[in-house]
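Dear colleague,

I am passing on the structure we spoke about, and below it I set out what was found. Please read the notes with the coordinates open beside you.

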Amino acid sequence: MILDYHRTWNTHQGPTPEEGITRDDFVGAWLWLLDRYRSRDTVWGVGIFNEVQLHNDFAYTNDLHRDAIRSIEDSFPGRFYYFAGCPSWGGNCSLMDLADTPTWNRTFIEVHKYRFSGNSVPADWDISIPNTISPDHWFVGETGWKQSEDGDREWAEVFLGYLHQRKIRNVCAWTIAHSGDTDGWWHDDCVTFDHEKA
């Protein structure tokens, strides 16, 4: 299981985890939570922050992840895998740079891709999911489509084919429950699986 820091406030998802709190507070929340789950083997991943909304601010995003990973690793050496989200709502990873960190063998760059979120064709994906990072270090933390939207499923098939060609195998489809962006893998009763979508 991956624990994911999705938002600080219950009313909205801020552009960074530091909207209204300090970085020390943010990292402290992670340390508190991970101490609670340190002995549970089912929890093995840390999604540092779901979607940095800042447009292409790689200096901030890389620095945020380095600080959080360093602090977590100091407290829980060798215990967790790390998932570092990209700026621009997770959609642009072109200048993510964490390969020199001591935890790189347990670190993944987390990209999010949807048809509606821009960078929606293979030529753009080559830029926002650069080949300079090995396929083994990519994690598609969110992708999905609506059955009801013309072109959505076709886009998804092209994107999944692209990932297969690039040998990127760590992929999560959004979402189990209802989503305004992608609907869900279950119908709105949360009981009936959408076999047509699968």
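Helices and strands are here DSSP runs, of at least four residues (H or I) for a helix and at least two (E) for a strand, numbered from the N terminus. On that basis the chain, which is a predicted model, has four helices and five strands, and when it is read along the sequence these follow the pattern β-α-β-α-β-β-α-β-α. The radius of gyration is 17 Å, close to the 16 Å that the globule rule gives for 198 residues, so the chain is as compact as a globular protein of that length. Along the principal axes, the C-alpha atoms fill a box of roughly 45 × 40 × 30 Å.

As to packing, buried residues account for 45% of the 198 residues, and of the contacts between residues at least 6 apart in sequence, 71% join residues at least 24 apart. The accessible surface comes to about 10,300 Å², with 53% of it belonging to carbon and sulfur atoms. The chain carries 17 positive and 31 negative side chains, and the centres of these two sets lie 5 Å apart.

N62 has its place in helix α2, which covers residues 58-75. Its relative accessible area is 9%, and because buried means under 20%, N62 counts as buried. If its neighbours within four places in sequence are left aside, N62 is in contact with L95, M96, D97 and L98.

Key:
Residues are numbered from 1 along each chain as its sequence is written. This is a predicted model: local features need pLDDT of at least 70, side-chain atom pairs count only at pLDDT 80 or more; totals for chains, interfaces and linings use all residues. Side-chain values use heavy atoms; hydrogens and water are left out. The radius of gyration is taken over C-alpha atoms; the globule rule is 2.2 Å times the number of residues to the power 0.38. Buried means under 20% relative accessible area, exposed over 50%, partly exposed in between (1.4 Å probe, protein chains only). Contact means heavy atoms within 4.5 Å. Accessible areas come from the Shrake-Rupley method with a 1.4 Å probe; for residues, only the protein chains shown count as cover. Lys and Arg count as positive and Asp and Glu as negative; His and the chain ends are not counted. The place of a charge is taken as NZ of Lys, CZ of Arg, CG of Asp or CD of Glu.
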